Amino acid sequence: MVPIKKPTAMCAFLCTALSGAFAFAQAFAASEPPVPPQDVVNACAPTAERPGLALHVEVQDEYGPYRAGETVMVSALDGLPLVTLNCEGPWANFRLAPGTYRVMAFIGDQRTNEVTVNVPPRGTEVALKLEPPPMPPEEPELRDDGRVTLPAPPPEQDENPGSDSPSRPAP
């Protein structure tokens, strides 16, 4: 019986491919800053004056600080969710590396605008305001004769509120 020899070129190729894949995985992991572990004891505290808490978020509605149950999410700039907290109060504190993040909050069908926040090494604060859900469009009216009457279109809003120049309709 003759032993089978492994071709050295094949071994060299496999070793090169594996080391290349490992280097690619390390480079990809280094592109996103790792999120430090979150501290649940301090996560829902009313202030961010504790060490290591970089981002303090207060969620509000039209009456002031929101009561409880909202979810606050921090994402990378590309939209990848990094950390999500649900607190029984209007505050959420995050441990984050310095950098730029996107932050938003929601509860039920109410949500805030997504805000871009630059978190410096000393930390920062941001207030997010919950907006009521948009009004659903009116239902079309179905007449007895089978005709359908569509509701009036919504009124146009001024694209530049607060500007001195009057808005003109598009030609």
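Reader: Does Asp61 count as buried or exposed, and why?

Author: Buried means under 20% relative accessible area, exposed over 50%, and partly exposed in between (1.4 Å probe, protein chains only). Asp61 counts as buried because its relative accessibility is 7%. The model is predicted: local features need pLDDT of at least 70, side-chain atom pairs count only at pLDDT 80 or more, and totals for chains, interfaces and linings use all residues. Residues are numbered from 1 along each chain as its sequence is written, and side-chain values use heavy atoms, with hydrogens and water left out.

Reader: Which residues is Asp61 in contact with, leaving aside its neighbours within four places in sequence?

Author: Contact means heavy atoms within 4.5 Å. With those neighbours left aside, Asp61 is in contact with Tyr66, Arg67, Lys129 and Leu130.

Reader: How many disulfides does a search of the whole structure find?

Author: A disulfide is a covalent bond between the sulfur atoms of two cysteines; the criterion here is a pair of cysteine sulfur atoms within 2.5 Å. The search finds one disulfide. Cys44 and Cys87 form it, with their sulfur atoms 1.9 Å apart. The link is left-handed, with -75 degrees about the S-S bond.

Reader: Are Cys44 and Cys87 buried, exposed or partly exposed, and why?

Author: Cys44 counts as partly exposed because its relative accessibility is 35%, whereas Cys87 counts as buried, at 2%.
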